[in-house]
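Q: I have a model open and want to learn how to read it. Can we go feature by feature?

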Amino acid sequence: MSDLLYGEVENDLRASVRDLLTDRSPWTSVLTRVETDKPYDLELWRTLAAEMGLAGLLVPEDLGGAGASAREVAVVLEELGRAVTPTPFLGSAVLATSALLAAGDTETVAELAAGQRIGALAVPLTTAPQAAFPSLVRVEDGKLTGRVGSVVDLEVADVVVVPAIGADGPELHVVQTASAGVTVTPITALDLTRRIAVLELNGAESRKLSGDAAAALRTALTTGAGLLAAEQLGVAQWCLDTTAEYVSTRHQFGRPIGSFQALRHRLADLWASVSSAVAVSRAAADALATGSDVDIAVAVAASFCSELAVRAAEEALQLHGGIGMTWEHPVHLYLGRAKSSELALGTPEKHRDALATLVNLPA
Amino acid sequence: MTDLATLVEQFLAEHPTAGADPVQWLGARFDAGLAWVHFPVGLGGLGASRTAQQAVDEAFLAANAPQPNPAAPVIGYGMAAPTILKFGTDEQKQRFLRPLYTGEEVWCQLFSEPGAGSDLATLATRAVRDGDEWVVDGQKVWTTMGHVARWGILVARTDPSLPKHQGLSYFLCDMTDPGVDVRPLRQITGEAEFNEVFLSGVRVPDANRLGAVGEGWKVATTTLMNERVTIGAHAAEREDGLIGVTAKTWRERPELRTPGLHDRLLRLWVDAEALRLTAERLRQGLAAGQPGPEGSAAKLTFATLNQAITGLDVELHGEEGLSYGDWTMRRPTDADWASRDAGFRYLRMKGNSIEGGTSEILRNIIADRILQLPKEPRGDVDIPWKDLPR
């Protein structure tokens, strides 16, 4: 049975990330930042990625990483979700890094691990792990041409891992975003704190990775979906904690509104679901770390935590009443993150479809 | 200390399981300290950690160890034993724990009353002191195993002039007393799994009081905490429980499948797996000495899930879902729900959100103790029980 608890090292890691984010990424500055021309906090990213070494958690030590596992990455993502911090962690340290590692790259992955450069994975953010290998980009005369929409964290990426169809089928390529024939166009996104962009390639130069491209991409997407569940847990936990605190202080009818049973029971139900989300998210992180039972654990976590995060954010908004509808209150940052991430890396429905096959409950 | 696995091995060598009389064999197991290894030496245990018990149980199960009378563990193991261990005198522990464990003496719980369900502390059964005895009058309800029980754990009011929580005392009631009348309570399944118990002039020796006079609520809380843990926190394999029953039907009978049911089944499968992992995480936390508050949540989720699964199961059966196995009034002593028809399971699981604390009360507990939300205003604080509206 997988280890569903948090270890001492994981608790210490959480505490240091939370301290940093409390100090450097309070929601007030997140809200201000998302309307500027620098929506990502790249200084904070440098601290997280390079100084704390978090960009290289999944990367082995001989490639300059921390040699940790998905368990530690999950803890970092819980905290980043809790703070809805705009950093390229998911795109670079999770998706691009996993794809590069799975494809046997040692060069670019070391740069990403060191926090020197930022990476992205060129698939639409809605791509599920089970999806067919994308045919959005073609290899023609050794150069890449095609268009990929909604690539997460692309607008700050220096390098992008591109799935492409070559003469013999699926290939993975590394493309420098500054090179000729590469255009990045940001999209105005529902999620204010996580950016997506369109990648256009017109005969772009690239470096082809060896290894099984389809398997590597699937590994990256599975890792991403399983770890995104941890971020969704962090979002849900913030919504629950903040709402419990708010209803304890907000008074109407001469009582704190949290003393009304209608509200108490809704929050109790939410707490019960959040405590289940901790267990399923831990199970997915542990499965990714040990390599055992990965597909089922990830599909369960992705399905459960996606829906939970949306519910938590919607409950938070409703139970905050009017203040929750205002731009000045942070709950909409969480709602946008929760609803968008429900679509990311496979909707709950897609993950349940996958389970139907995995656990032999066919349609 | 020799490790537990070795002790179990030695015990099995000295006490073969084949053809053994269950009561005698279980008595020997109790005397060897291998009944509940976390109990003290001399009381069925070895003072080991609580978490060591599972491995011991599994080892005995693998050796086809004799099992007790199936009625014995229901209230006896999960609720009466830990309460007696915590609050009993040495004499009480010596007298009651061994026959409780061997199944010679079945236990039942005399807590709920027609007028005291969720608000258990408002119960009205009276116990009046008469020399070395207490005379008990009142009515209890929802008494599992009442018809086969030798003893009952009983909460009764010993001082009506005090506020409701303070005037209660806890007793061990002899169910063979001539003043005890047990009648079947037929429920919506047609069966009488439970009983009503009428107590008229029942005499309980003061020696059978558990805990101090007036401390009954504190003692009862221990019993009830164990009830929720018993229901909510057992370790399980994937697809254990009712989801496994429905999944099996789904796999074996493709002609019953529809797209709408498929979507609902997969959602419930995910929820069942999430609950299994939640319970497993709770178990791991206890083992690591970090008991989590997830127990209350597990029971709440368990009830909702079971009701959704059994509702789906009736629909899945199509025309067969219209029929019902048997409405005959019976008094079962086991809970073999998997072998029953879908309609029975549907009706029976309606009780999951009522028995052992309603889902509404569990939500109150979570809101109070875990989320620490402001309490609801109450109308029964510091008022003598006798003056409360009823």
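This is a predicted model: local features need pLDDT of at least 70, side-chain atom pairs count only at pLDDT 80 or more; totals for chains, interfaces and linings use all residues.

Q: Into which domains is chain B divided?
A: Domain 1 covers 1–67, domain 2 covers 107–214 and domain 3 covers 233–357.

Q: How many residues of domain 2 of chain B are in contact with domain 3 of chain B?
A: Ten residues of domain 2 are in contact with eleven residues of domain 3 in chain B. The domain 2 side of that contact divides into four nonpolar, three polar and three charged residues.

Q: How do I describe two packed helices?
A: Give the angle between their axes and the distance between the axes. Here, α8 of chain A (residues 261–290) packs with α11 of chain B (residues 359–370) at about 85 degrees, and the axes are 8 Å apart. That angle makes α8(A) roughly perpendicular to α11(B).

Q: Which residues make the contact?
A: From α8(A), they include H265(A), L267(A) and W271(A). From α11(B), they include R363(B), N364(B) and I366(B). The residues of this contact divide into seven nonpolar, two polar and three charged.

Q: What else describes the fold of chain A?
A: Chain A has eleven helices and ten strands. Buried residues make up 56% of its 363 residues. Among its contacts between residues at least 6 apart in sequence, 76% join residues at least 24 apart.

Conventions
Residues are numbered from 1 along each chain as its sequence is written. Chains are lettered from A and ligands numbered from 1 in the order in which they are written. Axes are lines fitted to C-alpha atoms, for helices over the stretch in contact, and angles run from 0 to 180 degrees between N-to-C directions. Helices (H or I, at least four residues) and strands (E, at least two) are DSSP runs, numbered from the N terminus. Angles under 35 degrees count as roughly parallel, over 145 as roughly antiparallel, 65 to 115 as roughly perpendicular and the rest as oblique. Two residues are in contact if their C-beta atoms, placed from the backbone, lie within 7 Å. Ala, Val, Leu, Ile, Met, Phe, Trp, Tyr, Cys and Pro count as nonpolar, Asp, Glu, Lys and Arg as charged, and the others, Gly among them, as polar. Domain bounds come from an automatic or database domain assignment. A residue is buried if 20 or more other C-beta atoms lie within 10 Å of its own, exposed if 12 or fewer, and partly exposed in between; C-beta atoms are placed from the backbone.
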